[in-house]
Structure formats: structure tokens, C-alpha cells
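Subject: Structure handover

Hello,

Here is the structure I said I would pass on. Please open it first and keep it beside this message while you read.

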Amino acid sequence: MVASRYETAFKLYPYEKVEAQSGAPVRHPVVIVGGGPVGLALALDLGKKGTPVLVLDDHDGAGLGSKAICFAKRTLDIAHRLGAGAPMVDKGVVWNVGRVFRGEGQLFGFDLQPEDGHRNPAFINLQQPDFERFLVDAIRAAQDAGAPIEIRGRNRVTALQTHAAHVTVDVDTPDGPYQLEADYLVACDGARSGLRDMMGLSFDGRVFEDNFLIADVRMKADFPTERWFWFEPPFKGAGQSALLHKQPDDIWRIDFQLGWDIDRAKELDKENIRARVDAMLSSQTGTVPEYELVWTSIYTFQCRRMKSFRHGPVFFAGDSAHQVSPFGARGANSGVQDAENLAWKLDLVLKGIADHQLLDTYAPEREFGADENILNSSRATDFMTPKSKISKAFRNAVLDLAGKHAFARPFVNSGRLSVPCVYDDFPLFSTDALEGPAMTRPGAPCVDAPVDDGYLLDHLRGFTVLAIGGNKPQPVTAHGIETRVVHISAPSALLAQRYLGGQDAGVYLIRPDQHVVGRWREFDAQTVQDALTTSIAKD
């Protein structure tokens, strides 16, 4: 019998017995374990490409509680490509501005997206259950259009056995156990990954000696839709730092630093939580408005990752592969990037277009992304929670300077916010023959920009040759792939700024996850064809 580990906010995929639970194990091209943001995004991406995919989740919907709330522009761009982005932005609280305080005074403010010409904002705040709900809505729409996606709720994986070319999976359901097989299995089952434990794989890194209390509070308040972070907060019981975010439906996320040696049961007592919230609200407004505690939790900073994200036919993505502190919004956002990286590679290999060595590139690229996130997250945590007199003296000196001098503000680290990594010098990318803007160099994710009929990213589907200025090139074909061609003869000023710099024209090859493969001053079919061959790990 499949017992629930947590309460669900939405029942998104109720349990239904399927014919495959009887008889011999059925083989699937891809099985995803875990129906969170990463697993659902991967399933949607694969299914829309026409690759059959099965999702197994041990519950029937999204877990209760806001959990991840900050979704970055790159994640929203991916969600838009998958058909789920618009309702997320409509529902979410859009924000670009943040403020950093020390005690009663503001040190400085910042704008994460000061320029125009982007479809999506720098961030939205949206509770994770809603994020998952919108992904499932997009999956249902894709299924109606013929996408081969299946989700089985209350199907818990209890064991697996890896073979040279496939995986055998034991699954438990309310109607008893059954077996299935997968050419490839993707573990998206979270930081406490059962699959990782079943395979006896390590999860190494740092556990920071501090605890933080999350309180989701429903109330009417006049705070602006900004990220507010306090060092040395002026309200009682907040510890060394505190954080305030607005969420949809009049819910506010408040984080309090508790310290390391705490009584968790005592700190989770509602009266003690209310005392902290009351102190925070009265400090900022002079009164305590009516409010409701919606959800509370205590978390400990951890920055860890698996040594390798691939083990034969088993891949790990999202929190099952890597874990960072919540400050900086790097967890779910980097997990969705894992999914996008893996989807197109699995799709090409399963269709026989690319060889198996293409899948070997998933782990190095996304391990690099995880290391970058872990480094930034660790630095933020060390700055926010100094553990020695010297580190605290340095932190306080930086804060003293930042309140008076702009040069010191970049050194203030209250959680550097999520940005996608750039795959500089990785094997699937070509050299830079354009010498254009650094933001769109080979390995970088494409930056959005306005075009005549909307936004650039809407046109970048599959492998794309993007020509800006100059003449329109012909499609390039290699190994069964024919590129799309997007020619923009008269680019907008922002498009030229982001993709040409000081050049009159340029040609880009862009892969399905919208990372730049290579760029050149003019189109040469053989050069682009060679770059396309390289991008799918062909000789």
C-alpha cells in the first residue's frame, strides 16, 4: 500500500489502475521518477518533441506549502517555450527590485532587469504547487494534441536494477506491486532521493551550522512587491538576518535566522512563530495587522551534489543531484535547466539521430552548473552567517562601507540570485568567430530581444540558424537534422546591441535548449554544418 509522506495542495494526477500493472513488464523509452517541477518540465519537453515518457510519482499531486517560490527569467523563458509560462507570469508576483537593509536603515537597492526588451521579468514569486499545477495543465493540453506523456500518481518506486542497456523498476500501488522497464530512467525525486539511496550513491558537500524558519503569512499589507533582506534586523527574534517576499493570494514569505543549537519543536510552536512575526510587522508598520499562519517549516543550509549525475542508463536531475541553500533561488531554477539540457539529448538519441556519446555530455555540463551554484550559494551563506570573529569583522566592514560607497555594494552577498551558467570551452560548442557581445558568446543561453512580431526566443525552436543583417542563409542539414532559419534583416536596436555589438551582421547556430553553439560574421554552409555535427557529439 502506498502511504502518503505529506499532504497535497492539489490532486493533479489521481491514481488509476492501468493494464500494464498486470502481465509481463512493459518497456518504456524514458521513465521519470518524481512529479515536481523538474520531472514535469522534463516530461513536457520530451512529450512535445514526440518522445514517449512515463512519470511515476508516489503522490497524486503537488505537496502542501510554498517551498520554492522564486522563479527566474530563464526558467520562465523555458516554461514559455513549453506552453506553461503565460499563466505562471499572470498568477505570479512580478518583481525586479530588491532592497538590502542593516538594522533600521537601507544600505542600497538594486534592479535585476533595468532594461526593456524582454518578454519575461527578472523573477516572479509563485508558490511551487502552482508552478507544478501550470506544468500539468500544459501536459494535459499537450496530451490532447497527441503528445505521448503519461503520469501515474501513487506509483512508488521501491527497487530498481540496472542492466547494460535498460533498467528494471519495481513499483508499488494501491492495487499492489508491478514491474516495468525503461531504456533510460531519470531520478527527479528530490533532495532525499530514494533512487539515490537504492543505488548506494553518495551526496557530498557542506551542511552549514544554521537554521532558518519559513513562515508563510496571509495578510493585507502595504509592503511593495520587492525582495527585502535585513542584516541585523531591528525586530526581536530574527537572528542575524531576515527576508521578506510577497507571493500571490495575499501570502507573504518571511524567513528568520534561528541559529544552530535550537529546539525545533519549540521553534515550530505557533505561539513562538507568532511572536517573531508580530515583532517583525510592528517594527515595520507600527502595528500588527490581522494575519493567518498558512505554512511553516525549518530548514538547514546544505550545499551538496552527487559526484556524477549519470550512472549508466540512470540520470539524476534537480535536487536529487544537487542541493543549495534557498537564498539565491538556485534550486528549482537550476533543476529546470537540468531538464532542458537532458530532454533534447535523450530525444535525439532515442530517435537514432545522435549516438549515445551525446548523453555523456549531460553530466559534465550540468555538474558545472551545479558547482557554479554551490560556489555562489556557499559564499552567500558564509557572508550571511559568519562563523568566526575575523569573517564577521570582514562582513561588518563591508556593510559599513556599502551604506556610504557604491564600490562596496557588489561585495554584499545576501544571496546572489539565480542566473543560468555559460558552457565556456565545453566540447559541443564552437569558437567565437564574431567577437560580438559577451552575453551571447558560444555556450551562453540566448538573451531575449524584441523583433517585429514579438520576441526572439519564440523563433528559436530546435536547431536554428539565426542570421541578423546580411543575406538570408539556406537551411543546413547534417545527420538527419535540418536547421530552422531565422533571418532578421533589420534588427531592433536592442537585438543588435545584444547579438552584434559593433558588427554589421552576424550568424548564430543555436541548439534546442537555446544555448549558442557558435557564431560567425557571415554564413558559410560547411562551417555551420561542422558546428552542427560537433553539437551532437559526432566526429
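A disulfide is a pair of cysteine sulfur atoms within 2.5 Å. Keep in mind throughout that this is a predicted model.

Cysteines

With that cut-off, the sulfur of cysteine 421 is too far from any partner for a bond, because the closest cysteine sulfur, in cysteine 446, is 14 Å away. Cysteine 421 also counts as buried, at 4% relative accessibility. Cysteine 303 is likewise too far from a partner for a bond: 16 Å separate its sulfur from the closest cysteine sulfur, which belongs to cysteine 421. The relative accessible area of cysteine 303 is 3%, so this residue is buried. By the rule above, the count of disulfides is zero.

The chain as a whole

The protein chain contains twelve helices and 30 strands. Its radius of gyration is 24 Å, close to the 24 Å that the globule rule gives for 539 residues, so the chain is as compact as a globular protein of that length. The C-alpha trace spans about 65 × 65 × 40 Å along its principal axes.

Of the 539 residues, 57% count as buried. The chain exposes about 21600 Å², and carbon and sulfur atoms supply 48% of that area. Turning to contacts between residues at least 6 apart in sequence, 72% of them join residues at least 24 apart.

Strands of a sheet pair through backbone hydrogen bonds, either parallel or antiparallel.

For a closer look at the pairing, go to S6 and strand S9 (residues 123–125), which run antiparallel and are joined by three bridges. There, valine 94 stands opposite isoleucine 124 in S9.

Two hairpins

Strand S7 (residues 97–102) and strand S8 (residues 105–111) run antiparallel, with six bridges between them. Arginine 102 stands opposite glycine 105 in S8. Which residue takes a positive phi in the hairpin of S7 and S8? It is glycine 103, with a phi near 60°, and the hairpin has two residues between its strands.

The other hairpin is formed by S16 and S17, with three residues between them. In its turn, aspartate 249 has a positive phi of about 65°. Six bridges connect S16 to strand S17 (residues 251–259), and the two run antiparallel. Histidine 245 is the residue opposite arginine 253 in S17.

S16 also pairs with strand S15 (residues 227–231), in the antiparallel sense and over four bridges. In that pairing, phenylalanine 229 stands opposite leucine 243 in S16. Why is strand S16 (residues 241–247) described as largely enclosed by the rest of the structure? Because six of its seven residues are buried.

Two residues with positive phi

Aspartate 425 is not a glycine, yet it has a positive phi of about 65°. This aspartate is in the loop between helix H10 (389–402) and strand S22 (432–433). Is aspartate 425 buried or exposed? Its relative accessibility is 81%, so aspartate 425 counts as exposed.

Glutamine 514 is not a glycine either, and it has a positive phi of about 65°. Its place is the loop between strand S29 (506–510) and strand S30 (516–520). With a relative accessible area of 1%, glutamine 514 is buried.

A residue in helix H12

Threonine 533 lies in helix H12 (residues 525–535). Its relative accessible area is 10%, so threonine 533 is buried. Which residues is threonine 533 in contact with, leaving aside its neighbours within four places in sequence? They are Ala478, His479, Lys538 and Asp539.

Regards

Technical notes
Residues numbered from 1 in each chain as written. Predicted model: local features only at pLDDT ≥ 70, side-chain atom pairs only at ≥ 80, totals over all residues. Heavy atoms only, no water. Pairing = 2+ DSSP bridges. Buried < 20%, exposed > 50% of the residue type's maximum accessible area, 1.4 Å probe, protein only. Rg over C-alpha atoms; globule rule 2.2 N^0.38 Å. Contact = heavy atoms within 4.5 Å. Areas by Shrake-Rupley, 256 points an atom, 1.4 Å probe, with all protein chains shown as cover.
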